[in-house]
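Me: I have a structure to look at and would like to learn how to read it. Could you take me through some of its features?

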Amino acid sequence: MIADFFMAFLPELVLLTGALVLFVVCLGEGRERLARFVALGTALLAGAGALLTLTQKHTLFDGVYAVDSFSQLLKLVVASGFACVLLLDDRLTDIREDVRPEYFLFLTLSVCGLAMLVSAIELITLVVALELSSFPLYLLVPMRREHQGQRAQMESAIKYVMFGVAANGIMLFGMSYLFGLTGSTSLPVLLVKLQPILHTPLAIAALALTFCGLFYKLAVFPFHFWTPDVYQSASNAVTGLIASVPKIGAVAVLIRLVSLAAPESQTLALLVTVLAVASMFYGNLIALQQKDFKRLLGFSSIAHAGYALIGFVALDQAGYTAALYYIIGYLFMVLACFAVICRVSTDGANLAIEDLAGLHRRAPLLAITLVTGVFALAGLPPFVGFTGKLSLLSAALSRGHLALVVIAVINTAIAAYYYLSVVREAFFRDAGDRPAIALGWPTRVLCLALIASIVALGVAPARLFDLISASLGCVSLPF
Amino acid sequence: MSATPNPIGLPILSLLIFGPLAAVLVALLIRSDRWLRWWTLLATSAAAVGSLPLYFAFDTSTPDFQFLEDASWIPALHIRYTLGLDGISLLLVLLTTLIMPLCVLASWRYITHRVREFMICLLIMETAMVGVFCALDAILFFVFWEAMLIPMSLLIGVWGGPRKVYAALKFFIYTMAGSVFLLVALIALRLQTGSFNIPGMMGYPYSPGFQCWVFLACAISFAIKVPMFPFHTWLPAAHVEAPTAGSVLLASILLKMGTYGFLRFCLPITPYATHLFMPYMVGLSLAAVLYGGFTALAQSDLKKLVAYSSVGHMGFATLGIFALNVAGLEGALLQMINHGVTTGALFIVVGIIYERLHTRDLDRTAGLGKHMPVFTAFLGVFALSSLAFPGTNSFIGEFLVLTGGFAYSKSVVLWAAPGVVLAAAYMLRTLQKIAYGGTRNPDHSGLADLSLREMVTLAPLLVFVFWIGLHPQPFTRVMHASVQRLLEHSSHASAFALVPPH
């Protein structure tokens, strides 16, 4: 029994142990290297743990914590994303020297929160896990080294916290209604008790308010205001983390919560449609004007949150599968871009798009990584972004949301322009006097792994689709 | 869909598609530029030779798809890996594999920096282009269709002329903006028929309104690719800035994909909408013929001239398609091949001039004939072919198209005929200037005539100019059955049989 428990809880145990070890490591001086190795080991072990427990099916802690193939699959993705984020920046030049070990501690804690988030099937647990994943991020943002006269990281950290806390407050407010309506905070119970009253305005309002906390994590319009500033002001590697892994957790929880509203809730579908459309247009149109690469990715992330929401409009399994597949693909696409940012910006400063000029001469591998990531984001085959968009559009169109689908493809066309402007710098411009960039082997491995995943997930997604839809079967959804 | 078994036995279409991609892996290992050129030439020539059995094993008596390959790909999204050829796509595949080695030869001296990347782009292009013509699954088609965007815009943007970046971006965005609607249409078709199988989408009773939307969504994508007037503005920019091989690929193969798309999707899948929009498409085709002709007449840049003449020639092709009769369709198909041969050759010719003089200005190339007689002979034949001189390939094509247009409406021919005259005007003007010039020609005495490599590049195209021009049966023979089937699908009767009377 105890062995079963430990087995089911293995990935989280690994992450928690790793965090504890890191805490001890942080107590000494100059332990940066050690901390990096511990964090990397934790990431790999956690991934292995998730892989080992992929077929487990347990409910832990009196029914508040589900271990099923859905959660374990996502933990595997989260752990691999974690490992990639650790490899993003091998010197952390832009993090203050005295807090570098803590950087790894907070990173691990945040990922631990996400791993718990995807398993939470009770509202309070969910909130706790969400906070555990968020608070370390609030601390990681201002860890960037102070430059003369520039303290933007402080400003953006405050922005991040304020918006985060406000969104969580709204979410808790909504949850209080859910509890009031049903007398329970457990999702499986809610699912049953909410069905008869699903059409009442109060139930819809409660669900909509509950979604807000996740929309904030996903950076859906109008909960996006923190995104561009945080992207621009946090150090490159931290932005890489904020941009990628938390989205997985947000989509996973959104699937669990939206399924409360399924199968029929036209009001919520309409709400999600409006948010998706607003996010796509807002993100893409403003991204057209950006000069800073990270800021551009920030606005594009708002647009991509909009794309992911398309999957939720359908309110059926095909839609959830598509959304999850898309966001898993997005993790790799955006990490590919950040891998390039971290390497090209040798001193850790922000990267203007012009700084990419002549990248195909300065570092061919980085240029190919960039072009793969950017074209995948633009939704070109054979990359995962295309297959993801295809599945999202199919799911929405099969439910008759033609207008939404047309708006989405128009946005794809708009977005092509700014993604292309990135490629233009990297391939069509001369390097000028910008130096060549030497790459160590971890970077090479990371780049090749990211390219391989983006292409492989795009060309041969059959296995992942099967895995996702099978795992969605074990989330107790009323399909 | 009925199917005939593959007479060759090998999965030949897959080999043709992915062979060049495999050659990329070898190209990554080769260090010397010289050997890279030879390797790419070898790989593309092997594909050209390997594609010949397709022609000989092709069964001309059946309109069905042949050399079928079918495998599961992404079951969750109902996407399959389905390949096959019919009389419409066969010649286009052969044209592609023929043009590719010539592209390598045409860039032998012209491309001196980043040779490896250039050759890799060419090989990826071949994979995508052959794939487009072979795909029988709509999403597979779309994947190959879009896969061309990246290597093609790199070809233009990295190895192109002074305004290459502008041209590459314009090409990319135009094509991408068009194709997103195609994707929606394909998904909508899948939701109606239950699969992405293209033959399965034909002859399905869609509602008239649905057909119109699908037609328009597809047509905008294909019209941009052709390009039909008024969606042609990307073409001169792309052609002028692209390196020779890029121009040749664009003119010979990529433009054909637009017309191929009309033949594969619009006509057989949405016959009702095709009939509804037929007059407008014919009108746009005529506009393209006249506009292309007049604009070409005013050009002094040789590449721009050939580019605008492309607009006119492709206008003939779309005119033949939307005349919707046997002569028109066969003429359009033949015109597609002809345009690929002739305009491809003209771009190579212009490239040869540019390599020697570093200019494409008509005035500064005047009087080349005196010092480059062999070159001028080639130029003369291709120019005559371009203006559809009897005995050359384009004559057959344009004659068939005009016959089809005549059957559709007499006034159509009245408008199209000046296009032929315009072609004669701008081509003869060019030929006269380059061959003879005036009394004050620039000094070209130091120029060398064609090298053996250049002759080898142009000779196959020359052969096809006369072969199709004097004996077109081997080429039209393979089309008959498929064109008949296409007309059955898109005939007036079948288009309106499914639609309630107004």
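Me: Is A:Leu315 buried or exposed, and why?

Reply: A residue is called buried when 20 or more other C-beta atoms lie within 10 Å of its own, exposed when 12 or fewer do, and partly exposed in between, with C-beta atoms placed from the backbone. A:Leu315 has 21 other C-beta atoms within 10 Å, so A:Leu315 is buried. Please keep in mind that this is a predicted model, where local features need pLDDT of at least 70, side-chain atom pairs count only at pLDDT 80 or more, and totals for chains, interfaces and linings use all residues. Residues are numbered from 1 along each chain as its sequence is written, while chains are lettered from A and ligands numbered from 1 in the order in which they are written.

Me: What is the phi of A:Leu315, and where does this residue lie?

Reply: Most residues other than glycine have a negative phi. A:Leu315 is not a glycine, yet its phi is positive, about 55°. Its place is the loop between α13 (293–313) and α14 of chain A; helices (H or I, at least four residues) and strands (E, at least two) are DSSP runs, numbered from the N terminus.

Me: What should I notice about A:Phe61?

Reply: A:Phe61 also has a positive phi, near 50°, and sits in the loop between β1 (58–60) and β2 (65–67) of chain A. A:Phe61 counts as partly exposed because it has 13 C-beta neighbours inside 10 Å.

Me: Which peptide bonds are cis in chain B?

Reply: As a general idea, most peptide bonds are trans. Here the bond from B:Val226 to B:Pro227 is cis, with omega near -15°, and so is the one from B:Phe229 to B:Pro230, with omega near 5°. B:Pro227 belongs to the loop between α9 (208–225) and α10 (234–241) of chain B, and B:Pro230 lies in the loop between α9 and α10 of chain B.

Me: Which residues touch the most other members of the largest nonpolar core?

Reply: A nonpolar core is a set of buried Ala, Val, Leu, Ile, Met, Phe, Trp, Tyr and Cys residues joined through C-beta atoms within 7 Å. The largest one has 395 residues, and A:Ile248 and A:Tyr419 touch the most other members. Helix α14 (residues 317–344) of chain A gives the most to this core, 23 residues. Beyond neighbours within four places in sequence, the contacts of A:Ile248 include A:Leu74, A:Leu114 and A:Ile327; a contact means that two C-beta atoms, placed from the backbone, lie within 7 Å.

Me: How many residues of chain A are in contact with chain B?

Reply: On the side of chain A there are 26 residues, in contact with 29 residues of chain B. Helix α18 of chain A gives the largest share of that side, 11 residues. By type, the side of chain A that touches chain B holds 19 nonpolar, five polar and two charged residues. Here Ala, Val, Leu, Ile, Met, Phe, Trp, Tyr, Cys and Pro count as nonpolar, Asp, Glu, Lys and Arg as charged, and the others, Gly among them, as polar.

Me: Where in chain B is confidence lowest?

Reply: The score to read is pLDDT, the predictor's confidence in each residue, from 0 to 100. Where pLDDT is low, the predicted coordinates should not be read in detail. Chain B averages 88, and 96% of the residues score at least 70. Its lowest confidence is in helix α21 (residues 492–497) of chain B, with a mean of 64. For the complex, the predictor gives an ipTM of 0.89 and a pTM of 0.91.
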